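I opened the notebook to record what I looked up in this structure. Entries follow in the order in which I made them.

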Amino acid sequence: MSTRTIQGQKNLQDIRTGSPDGIGGSPLRPDGTLKVKGEFAYSSDLWHEDMLWGMALRSPHPRANILSVDISEALKLPGVYAVLTHEDIPGTKFYGLEIQDQPALAIDKVRYHGEAIAIVAADHPETARRAVKKIKVEYEVLNPIVTEEQCLDPETYGYVHEPHEFKSHGHGNICHSQKLVHGGGVTDEIRALADVVVKGHYEVGMQDQAFLGPESGLAVPAEDGGMDLYVATQWLHVDRQQVAPVLGIPEEKLRLTLAGVGGAFGGREDLSMQIHACLLAQRTGKPVKIVYARDESFFGHVHRHPAKMYYEHGATRDGKLVYADARLVLDGGAYASASPAVVGNAASLGHGPYNIPNVRMEAIALYSNNPSCGAMRGFGAVQACFGYETQMDRLAAELGMDPVELRQLNAMSEGDPMPTGQVIDSPAPVARLLQIVKDRPLPPPLDLDNLDVRTLPGALSNTSHGEGIVRGVGYSVGIKNVGFSEGFDDYSTARVRLEVIGGEPVAMVHTAMAEVGQGGITVHAQIARTELGVEQVTIHPANTEVGSAGSTSASRQTYMTGGAVKYAAEAVKAALIEKGRRRYGWTQTDIILLGGKVISEAGGPLVSIVDLLGDEAIDLTREHHHRPTVPFDKETGQGFGHVQYTFCANRAVVDVDVELGLVKVVELTAAQDVGKALNPLSVVGQIQGGCTQALGLAVMEEIIVKDGKVRNASFTDYLIPTILDTPPIPVDILELPDPNAPYGLRGVGEAPTVSATPSIVAAIRQATGIALNRIPVRPEHLTGTL
Amino acid sequence: MRVTFTANGKPVEADDVWEGESLLYVLRERVGLPGSKNACEQGECGSCTVYLDGTPVCSCLVAAGQVQDREVRTVEGLDENGELGLVQQAFIDAGAVQCGFCTPGLLVQTDALLEQDAQPSDTDIREALSGNLCRCTGYEKIMDAVRLASARKCQKAGASE
């Protein structure tokens with residue numbers, strides 16, 4: 001069996017569900033049929049009578065002053081309806097997730113390669129493309145500020161945001177920083193307690209989310225002076241909050257509906273085409289559709305922060321960690337995006353799932369003229385994991401210990417404090433997860449007599465018949481938080497309606513949750529079935545008619561919006577039972593809904609839901625707020641900052657062609673505690689998908705940026721794993737319930753993306769003996785030609 | 001220009017086609033068949049894969065004018081007499097669909113693979129699908145889906161013998 005589920009000894013409660021399609025089952029996804037028929041309406045598929053196509057002119061320079069913009073030739077082109085610059089913006093000109101520092105269209109200067117300067121609406125995408133080319137921009141090109149040294153010396157190299165500029169917040173080119181001190185910190189006295197010390201510098205390249213569905217949407221001007229926007233996003237309400245002020249209209253006049261989303265992975269947290277399409281629709285009075293081509297997509301969304309990291313670990317001779325020190329420098333690029341929260345994660349999670357009595361940490365995000373970086377799956381925890389897990393392997397080697405045993409010796413568990421002082425108050429089976437992946441049987445060794453060359457590094461290129469191939473095995477474990485942190489109340493709203501349709505009880509679930517492929521809508525239907533004892537559940541389209549569902553990110557949607565659906569359904573259930581009490585005078589306290597009936601657990605069926613409900617519909621809305629957190633102290637990093645923690649362990653087996661520097665991952669095993677698998681099929685799919693993105697970061701994925709310019713904005717040059725690059729991924733699901741979470745569940749999506757990368761690099765290191773302090777590992781790192 | 005061709009067994013006609021338009025654009029924007037997807041539009045991702053005269057091609061790399069009088073079959077034409085086709089059903093059942101943007105191309109490519117070889121090995125499957133990128137699944141459930149479709153196809157062939 002490639003997938004196994006291991007249940008915890010303590011189950012929170014026996015969850016009663018009369019339906020195999022309730023929670024814990026794996027019913028088929030409600031959008032699956034449309035998706036396989038090609039009939040599911042993605043944001044790029046939208047069409048409207050009389051629709052125009054929008055397109056942006058983007059800067060070829062990472063840093064320049066704009067001396068003039070001449071749109072006259074573009075406007076003359078037949079079929080062009082509007083050409084707009086920042087001067088045409090009716091409302092506020094800036095937006096941003098955390099700091100409103102980004103102009104909707106460049107004002108007098110550009111700060112990164114690809115920044116939008118002007119936008120065009122035309123009757124055909126080719127007309128729009130030609131019009132964009134006819135816009136004349138005169139630039140004064142400046143030296144881009146791109147290295148850490150340049151960023152930290154603004155007196156010499158300049159400011160990305162000048163101190164006097166709008167929204168500059170007085171920290172020079174540092175967007176955000178977070179320090180942390182735990183125990184005695186790291187001093188000479190503390191260092192003296194260690195028998196063995198390892199120090200290292202590590203680097204992580206800039207990874208792209210590379211979702212397949214390009215940024216796209218359709219803005220339709222409404223008769224009330226407002227706007228209807230159909231868009232692929234991760235958070236409808238925060239889009240509305242940022243777009244409406246730019247259009248100069250009240251939020252309630254901007255109505256958003258989720259269009260089909262072709263993947264997200266953090267890349268749709270920030271706005272892309274939303275404001276531009278709405279501005280053009282507002283100006284022309286016509287519906288405007290924008291669809292990015294792949295190259296524009298690379299410029300149109302933020303990426304994972306590239307990082308330069310210093311780590312130092314001290315341990316006793318028997319392998320107990322004494323102290324850990326780290327400095328993490330994340331390049332946030334031109335605009336803040338989610339950098340402050342990414343820094344908070346990096347600082348608080350950056351020493352891994354280990355008990356370390358003395359800790360020091362500093363994490364900073366720079367402003368630079370490189371592409372903006374923000375949210376990507378793993379969010380600040382990914383880069384650090386490569387650093388601390390590499391350190392664990394080096395420490396084990398130094399001590400002559402088994403790398404898994406060293407990790408287990410120092411692994412945190414329930415009741416242990418994080419370096420932030422927050423005590424982990426639910427299961428943290430770090431050592432056990434490592435043991436599970438270690439105990440998996442290894443794949444058979446390379447059999448040179450029965451080789452299929454397609455399974456070797458180089459695959460279809462027929463580059464080896466087994467010569468020069470060496471195998472290695474590596475392990476890693478990682479930690480990620482679930483939900484928004486540091487005092488943010490990222491609540492979710494759900495509306496549940498129960499009524500009789502065609503003689504059957506039917507539940508309708510309405511939320512603003514962005515279904516981006518993760519299967520949240522499947523889970524919502526499962527929760528409604530379980531709580532209301534019905535089979536038929538319909539999912540209302542996600543829109544801003546209902547309250548916010550927060551973002552589809554931070555592994556939070558099943559926890560937060562799933563929780564809101566549970567509470568709304570429970571409220572509906574309570575209202576229905578109350579109706580029965582009033583009508584029939586029931587006095588039982590053990591009444592539940594199961595199999596379409598209202599049932600007394602001791603006394604049996606009381607009445608059918610259909611008979612009790614009659615013509616009435618019960619329609620209730622509830623919000624789900626997680627337990628409160630607090631911001632980390634700026635200097636010490638102390639504070640109850642995170643809602644929940646999640647852990648994943650991996651084992652990677654690789655074959656390396658040491659002559660050509662090619663790597664084939666042979667197998668990538670994962671073990672993860674998910675609390676409760678509400679939909680095991682989806683949970684496994686999340687873990688396997690997360691592992692594969694981690695594989696990409698380990699051996700191939702990087703946006704190459706030279707002097708601020710992006711060199712590989714295409715799927716020809718930015719490589720993501722194909723099915724040939726991806727190995728079997730056996731998964732072990734551990735179910736140890738978290739008493740604080742709905743159904744005991746634990747967020748799933750990100751932990752494997754955090755943890756899997758270092759296991760692959762460790763395996764390559766074991767195979768080759770090369771240090772490998774930078775990811776992605778490239779052929780030239782392995783052949784010594786760099 | 002005007003382009004006439006057969007799409008999923010029906011004659012279609014597109015007027016005012018600009019010479020630079022791809023078959024993908026004509027399918028999606030002019031003849032109401034948006035099922036084929038536009039993820040890279042340079043032949044790297046396979047999301048736009050369709051049959052052209054029975055051979056799977058990236059429709060983004062085919063100029064619209066090249067399909068004059070030819071036969072195109074898209075994901076919208078993979079059904080079997082109005083019911084979900086065997087490959088389509090297997091992708092749903094195996095959990096191979098997440099965001100689904102790669103799915104139309106994978107379905108056509110898998111259909112073509114199983115037409116050639118109803119019982120491909122795992123390595124054969126990986127080779128055949130290596131031109132189709134998926135960012136969500138890690139491909140494991142896609143492997144499961146192809147194996148399932150293969151098994152069902154063989155079972156069906158066995159039953160009808």
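I looked for A:Pro776 and found it in the loop between β32 (774–775) and α19 (779–783) of chain A. Helices here are DSSP runs of H or I with at least four residues, strands are E runs of at least two, and both are numbered from the N terminus. A cis peptide bond joins A:Ile775 to A:Pro776, with omega at about 0 degrees.

A note on the source: this is a predicted model, where local features need pLDDT of at least 70, side-chain atom pairs count only at pLDDT 80 or more, and totals for chains, interfaces and linings use all residues. Residues are numbered from 1 along each chain as its sequence is written, and chains are lettered from A and ligands numbered from 1 in the order in which they are written.

**Backbone angles.** I kept one rule in mind: most residues other than glycine have a negative phi, and most peptide bonds are trans. A:Asp707 is not a glycine, yet its phi is positive, at about 50 degrees. I placed A:Asp707 in the loop between β29 (705–706) and β30 (709–710) of chain A. The scale I used calls a residue buried at 20 or more other C-beta atoms within 10 Å of its own, exposed at 12 or fewer, and partly exposed in between, with C-beta atoms placed from the backbone.

B:Asn81 also is not a glycine and has a positive phi, about 55 degrees. B:Asn81 sits in the loop between β5 (71–73) and α2 (86–93) of chain B. I logged B:Asn81 as exposed, because it has 5 C-beta neighbours inside 10 Å.

**A:Gly547.** I found A:Gly547 in the loop between β22 (536–539) and α15 (557–584) of chain A. With 18 C-beta neighbours inside 10 Å, A:Gly547 counts as partly exposed. What does A:Gly547 touch, not counting residues up to four places away in sequence? I listed A:Thr493, A:Ala512, A:Thr621 and A:Glu623. A contact means C-beta atoms, placed from the backbone, within 7 Å. A:Gly547 and A:Ala494 are 53 residues apart in sequence and 7.4 Å apart in space, C-alpha to C-alpha.

**Chain A overall.** I counted 19 helices and 32 strands in chain A. Its radius of gyration is 27 Å, close to the 28 Å that the globule rule gives for 786 residues, so chain A is as compact as a globular protein of that length. The radius is taken over C-alpha atoms, and the rule is 2.2 Å times the number of residues to the power 0.38. The C-alpha atoms of chain A fill a box of roughly 80 × 70 × 60 Å along the principal axes. Of the 786 residues, 59% are buried. Among contacts in chain A between residues at least 6 apart in sequence, 81% join residues at least 24 apart.

**Core.** The largest nonpolar core has 297 residues, and A:Val120, A:Leu433, A:Val654 and A:Ile760 have the most contacts inside it. Such a core is a set of buried Ala, Val, Leu, Ile, Met, Phe, Trp, Tyr and Cys residues joined through C-beta atoms within 7 Å. α17(A) gives the most to this core, with 10 residues. I then checked A:Val654, leaving aside neighbours within four places in sequence, and its contacts include A:Arg471, A:Val665, A:Ile760 and A:Ala767.

**Chain B overall.** Chain B has five helices and five strands. From the N terminus they run β-β-α-β-β-β-α-α-α-α. The radius of gyration of chain B is 16 Å, close to the 15 Å of the globule rule for 161 residues, so chain B is as compact as a globular protein of that length. Its C-alpha atoms fill a box of roughly 45 × 35 × 20 Å along the principal axes. Buried residues make up 53% of the 161.

**Interface.** How many residues does the contact take from each chain? I noted 50 residues from chain A and 44 residues from chain B. On the chain A side, α1 (32–37) and α17 (680–699) each supply at least two residues. α17(A) gives the most to that side, with six residues.

Key. Two residues are in contact if their C-beta atoms, placed from the backbone, lie within 7 Å.
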